[in-house]
Amino acid sequence: MIQLIIDLLTPIFEKMGVSPVDVQTYVTSLRGYIYTILITFVIAVAVMIAAHWFVKKGTRHVVRWTAGLSWVLIVTVLANVICYGPMYNNISIILNNQVSVSEETAAKSKDVIEDVGDEGMVLLKNEDSMLPLEGDSNINVFGWASTNPIFGGTGSGSSSNADAVGIIESLQNAGFHTNEELTQLYRDYQETRLLPGPGVSGTDWTLSEPTIDYYTDEVMEQAKDFSDTALIVISRSGGEGMDVPEDMHNVVTGNADIRDEVADGNPNYNYFASLYTNNSEDYDDFDEGEHYLELSNTEEDMVEKVCSEFENVAVVINANNTMELGWVDQYESIKSVILAPGTGSTGMAALGKILDGEVNPSGKTVDTYIYDLTQSPVYNNVGHFGYTNVDDLKAEILAADDAYQGVMAFVNYSEGIYLGYKFYETAAEEGVFNYEDMVQYPFGHGLSYTTFTQEIQNFTENGDTVSFDVNVMNTGDTAGKDVVEVYYTPPYYNGGIEKASVNLIEFEKTELLKPGQSQVISFTLNKENMASYDSGAAKTENGGYVLEAGEYTVSIRSDSHTVIAEESFNVDEDINYSKAGRSSDDTAATNQFQDYSEGDVEYLSRTNGFANYESALAAPSEEMYVMDDETREQIASKSTAHYDPTLYDEPGAKMPTTGSDNGLKLEDFTGVDYDDPSWENLLDQLTVEEMVELVNLGGFQTVAVESVDKKRTLDSDGSTGLNDWYIGVYGTSFPTSVLIAQTWNKELAYDVGGAIGSEFAECGIYGWYGPSMNIHRNPFNGRNFEYYSEDGVLSGKMAFQTVDAAGGYGVYAYIKHFALNDQETNRCSFLLTYCDEQAIREIYLKPFEECVKNYDYSSKPLAVMSSFNFIGDIYSGANPHLLNNILRDEWGFKGMVLTDWDGSYGYQNTDDCIRNGNDLMLGFNTYESNQITDTDSASCVQALRQASKNIMFTVANSGAYTAEHDETFFTPMNTLFIGIDAAVVIISAGIMAIVLIRWRKKRNAAGAVKIEVEEK
């Protein structure tokens, strides 16, 4: 019977976004209530039937109505018990939070977004000073994407773009006249994108570009008569769940379904469908070996046609991933190129203002643009690399956990620290290749309509720091802003600690400078931030930061490659920070991962001029696809099929106090220091059952806890603004992190955080699943739109400003995904990520370190979201070295850690997570792996207690407690249920009254007839 109910309800709730697993779990957990309803129904029906034989004819309908209405009242009571009992946290979160962002708040957000567009778009190229154009001129806008630009990405980081300013609208708002006939051609060809685009439920990569035959002589003559200026728009999107295809020909021809290769024998594996619709029946849009980040054949035809007909062509690259742009230099007519990644609601308004000169572009690239993306150092080591000798282990896990996706894979970060510009600058310096042949646009590159000079002044060495001023002067004839990019070059010793020759360490953006105006910007750099991490223990006992002796050069550059000015200082002898730590460390940094994260991988080394360049960056060898016995044993022991919580039991451990009546409430602990001993008295009041529910039921909320009067709080996606698909609350669509980072403006990043925080707070949602701050390791990562840059320092400094501002509104940002979640492929499938600890610390942890160390926990809340992937053979969400040793002990984090979506996936065990530093499960307690069975263990209860403290410390300092709230009994849920209950009671009572009145009338009438007969 229960299974029948599950089968009936599953398709209904699936349409509402509820997974079949959730339906099964909820129905199963409520089976007692369901059986009670069914049994009482059977009893009611039996009474109705029995009344035919055992009750007088005139009274039968009274008994039947009484039985039926009694059952209705029983169902009503049970519905109340269910909704205010076991399902309260799931139902109340939906019913009580039908709120929205006010028009006034949204308007302020849109102003900030427009500012980001103004400063974030990058002028890559501007030959012959083609731009700016005359503001009242005509423009032909080519490219189907001009009518359907990319405003963001898809998945949890997406948000609504229904009211977004488009490209045509932006140009017209700036006073330009656009060729409506040309624009209508694109609208008639395909009004909208076939599907939302890359995302978690499926991917349509179609580029709906009209074929060359649409550009008839008549069309082109009309365009040339309209204007001698052409603007070409090229867009590319990406999203959560699937990486950008590296072989589009296979997608086009239907051969790219990698599921056949990796899911053989694993029916539960879901590698999201790849779709593509060709624009022509005569040819394929992509030839064999071509990838998504180069032009399609149809786009090439369009570009060729436009460039052959027009002498003045500008190009807008509306893409969230770095594309191959060598083609813009192959046509003399292409004189200007603008980068305009996902612009959110109003960011695209900047395009028209930049084209007409109202806004002087000041954005800078946040990634290195190379001519051939297949030549990047990571190209051979991204994507799917499935182990070949674990079929039996996979079968065991599949049998025990139907949420397991059936894959075990690895990925090697074999490039080490030499990622992005750090690789291209260093390798070129070592003579591996000619820089100009490899790099088209360096990291930090961006042009302006004016010119600037930058001069280093007052360079001073101050012991542990160096300080200097940079005088920036506008030497042109147009007002504009400039960015001061500060890099350092450390001494490198052949065969020693790995070091890149160019490393960003700081940056600042000027105010708007009028022609002839100057601004002095002061910098103070801590020398310890130039130390390199010695993961190989060349100069430390077990790893650590070392500032090696030698000459250090500090330079200001217009991009990572172009030096403006530089100064040097010397370090007389090595400074080893592995003992006492750096000044920013609570405990000294030493190796936490190296023993298991390094793996059997050859890492790129600068030794002898990158002598191992080819071998280190080659694709994994066949031997790497064979999982070794030690790794296999570790993976199996932590899988949901074999996990044993008693392995953590500690003999003699003291069971914590639970269930005390100390009269304390969580509201008393707002502003109380994390280490204050009074927390123990509060924690003593918690029951084990309350703690289990608190840590397990973390889907878009933290639950209420009765013993300490903890409020339930709400959490929400997403990285580009409020995107609460669970309760149907949506905020303003903010730009992608790429566009925000391209501003290189910390103040603007702060404004973005404040605007997002204000929208969350206005809706009473104080947990923000963002910002995302992983690294653009791979240009093909589908989720790069959520991440800032290829550089950890730029990412970290922009992210910190954002979360700091949001914290001012009482919003705790879950900075994510911690850590090394730098590709979507296999992210939930036992993805063993191998990386040298130096690279982990210097690149991938750097943004998180910047946020955590600089945060003020005494006045603002902060949280962290762990990642799906493994570091080496340990799941990130249950990695004590990551979540405790580094995050808390070394960096001083005070807050809670949440998993990424708790889908079980064969390895997400709640017990394992809470014992290793992860406090909250992002889900609805729906999997067997959520069950905590070792509650008689002192170590388990201690872990529950610690996790509960971390959650409550964060919540107590959030807006849920620091902001004013109208407390009322008449919540939307209570009001709804009171209304329904009252209606049921009134209607039932009314029906019963009518039944009884009619019965009495009939009885009285019958009695009167009887008396009359007797009298006669």
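Leu-231 is buried in this predicted model, with a relative accessible area of 2%. Because the cut-off for "buried" is under 20%, a value of 2% places Leu-231 in that class. You can find Leu-231 in strand E5, which covers residues 229–236. Now look for Ser-336: Leu-231 and Ser-336 are 105 residues apart in sequence, yet their C-alpha atoms are 9.3 Å apart in space.

Let's turn to another buried residue, Phe-700, whose relative accessible area is 2%. Phe-700 belongs to the loop that runs between helix H22 (688–696) and strand E22 (701–702). Its backbone is worth a look too: phi of Phe-700 is near 60 degrees, a positive value in a residue other than glycine.

Asn-458 also has a positive phi, about 60 degrees, although it is not a glycine. This residue sits in strand E12, residues 452–462. Is Asn-458 buried or exposed? Asn-458 counts as exposed, because its relative accessibility is 53% and the cut-off for "exposed" is over 50%.

Ile-43 is partly exposed, with a relative accessible area of 47%, so it falls between the 20% and 50% cut-offs. Its place is in helix H3, which spans residues 31–54. Ile-43 also takes part in a nonpolar patch on the surface, together with Tyr-35, Ile-39 and Val-47. Together, the four residues of this patch have about 350 Å² of accessible area.

Helix H6 (residues 103–120) and helix H24 (residues 746–762) have axes that come within 10 Å and cross at roughly 155 degrees. That makes H6 roughly antiparallel to H24, because angles over 145 degrees count as roughly antiparallel. As for handedness, H6 passes H24 in a left-handed crossing.

Finally, here are two peptide bonds to pick out. Which form does the bond from Leu-131 to Pro-132 take? It is cis, with omega near 0 degrees. Pro-132 lies in the loop between strand E1 (122–126) and strand E2 (138–142). The peptide bond from Phe-818 to Ala-819 is cis as well, with omega near 5 degrees. To locate Ala-819, go to the loop that links strand E27 (812–818) and strand E28 (831–834).

Terms used. Residues are numbered from 1 along each chain as its sequence is written. This is a predicted model: local features need pLDDT of at least 70, side-chain atom pairs count only at pLDDT 80 or more; totals for chains, interfaces and linings use all residues. Side-chain values use heavy atoms; hydrogens and water are left out. Patches are made of residues with over 30% relative accessible area and no salt bridge: like charges are joined within 9 Å, nonpolar side chains (Val, Leu, Ile, Met, Phe, Trp, Tyr) within 5 Å. Accessible areas come from the Shrake-Rupley method with a 1.4 Å probe; for residues, only the protein chains shown count as cover. A salt bridge is a side-chain nitrogen of Lys or Arg within 4 Å of a carboxyl oxygen of Asp or Glu. Helices (H or I, at least four residues) and strands (E, at least two) are DSSP runs, numbered from the N terminus. Buried means under 20% relative accessible area, exposed over 50%, partly exposed in between (1.4 Å probe, protein chains only). Axes are lines fitted to C-alpha atoms, for helices over the stretch in contact, and angles run from 0 to 180 degrees between N-to-C directions. Angles under 35 degrees count as roughly parallel, over 145 as roughly antiparallel, 65 to 115 as roughly perpendicular and the rest as oblique. A crossing is left-handed if the near helix is turned anticlockwise from the far one by less than a right angle, and right-handed if clockwise.
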